[in-house]
Amino acid sequence: MTDAFGIYLHWPFCLSKCPYCDFNSHVAASIDQAAWRRALLAELDHFAIETAGRRVTSIFFGGGTPSLMDPATTQALLERIAARWPLAEGVEITLEANPGTIDAQRFRDFRAAGVNRLSMGLQALNDTDLRFLGRRHDVAGALNAVELARGIFPRISFDLIYARPSQTVAGWEAELRQAIALAADHLSLYQLTIEEGTAFHPAHARGDFILPDEDASAEMFDLTQELCDAAGLPAYEVSNHAKPGAECRHNLLYWQGGDYLGIGPGAHGRLTDPSGTAWALKQYRAPQRWLSEVAAQGHATQERTRLTVEERCEELVMMGLRLRDGLSAAAFAAHAGRPLEQALNRSGLAAMTEDGFVTWTGDRLQATPKGRLVLNAVIAELLI
């Protein structure tokens, strides 16, 4: 079992709600930074007791738009983590940023606070599509943000969304080549999906816009792998590309089944107790409810659920097969307490192997490039 241990801190506020976003994000006219700082520190203190001695290998500020956080709050949270837990040498500290919420001084303040990896939501390199996606920045602002970040942070990444309405394979190729030229050592490249609860869901159902068909989307996916591989940014996960050694350690923790705390509204966590039992934790989602719960009891855990062996196995398969390296049978058994082959549907495994969607060596299960393209369907066949 991996010794990696991460802390995720959720900042729920945005300047506006993007129509594709189903994350726990909220638009607020004003934010009481001091109150939020106190509450986040209190929830850290609560969980520090339960996880005393765990060595923190990664910290991730997500949202929402964490770049709206006062850098002094970021610094206070990082100082409290360092006071409460031992930190791994070279601990990865990531902060998500919106190009429309930054300037050079703010970047420098976050860097001074301890952030050593910046992840920016560019989403498109086309002004028309940025407006469609509800982004407040334009391409010029995005390019400026990347240039500023590269001069201040040791590591940077940015996100793009493809398979957008009216986007052609040739159009995506041109945009992706531009992105690769801009990139440092990491890119996150996501296909646009329409999620329930987002503004895009009813609009898409009404026919307000049409996404590229499955063949075009698959061609864009294949092109993405080809161009990123050629540029030395292979996909280490379905949607994430990095130079070897530059993978996001915090996200790897999720995909590899490690333990992590979730601090803040709607945050999720996974903790393994001394008996080897895995627990899923979920914090209250609504910001004001979360604040009131923390004020009352020092934390805002809404649910703390003991995962059955079957649930843990399913989670490990679903997450692990997203990785190019797939699932190690030894690591799976250490996490789940059950051999990997006993957690799989034998006939489904045989069919998926024969059809070229997965490879199984007896000590490692991996989805092939063909399998990663239709991963949800593959996983459904593999699970008992």
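Predicted model: local features only at pLDDT ≥ 70, side-chain atom pairs only at ≥ 80, totals over all residues.
Local features need pLDDT of at least 70 and side-chain atom pairs count only at pLDDT 80 or more, while totals for chains, interfaces and linings use all residues. Residues are numbered from 1 along each chain as its sequence is written, and side-chain values use heavy atoms, with hydrogens and water left out.

Rings of Phe, Tyr and Trp (its six-membered ring) were paired if their centres lie within 6.5 Å, with planes under 30 degrees apart counted as stacked, over 60 as edge-to-face and the rest as tilted. The count by this rule is 12 aromatic pairs. One of these, Tyr8 with Phe60, is stacked, at 6.2 Å centre to centre and 20° between the planes. Tyr8 belongs to strand S1 (residues 5-11) and Phe60 to strand S4 (residues 56-63), 52 residues apart; strands are DSSP runs (E, at least two residues) and helices likewise (H or I, at least four), numbered from the N terminus. Tyr8 and Phe60 are both buried (under 20% relative accessible area, with exposed over 50% and partly exposed in between; 1.4 Å probe, protein chains only).

The ring centres of Trp36 and Trp290 are 5.2 Å apart and their planes lie at 5°, so this pair is stacked. Because Trp36 lies in helix H1 (residues 33-50) and Trp290 in helix H10 (residues 287-297), the pair ties together parts 254 residues apart in sequence. Both Trp36 and Trp290 are buried. One aromatic cluster is formed by Trp11, Phe13, Trp36 and Trp290.

The charged end of Lys370 sits over the ring of Phe357, 4.5 Å from its centre (NZ of Lys or CZ of Arg within 6 Å of the ring centre and within 35 degrees of the ring normal). Arg304 lies over the face of Trp279, 5.9 Å from the ring centre.
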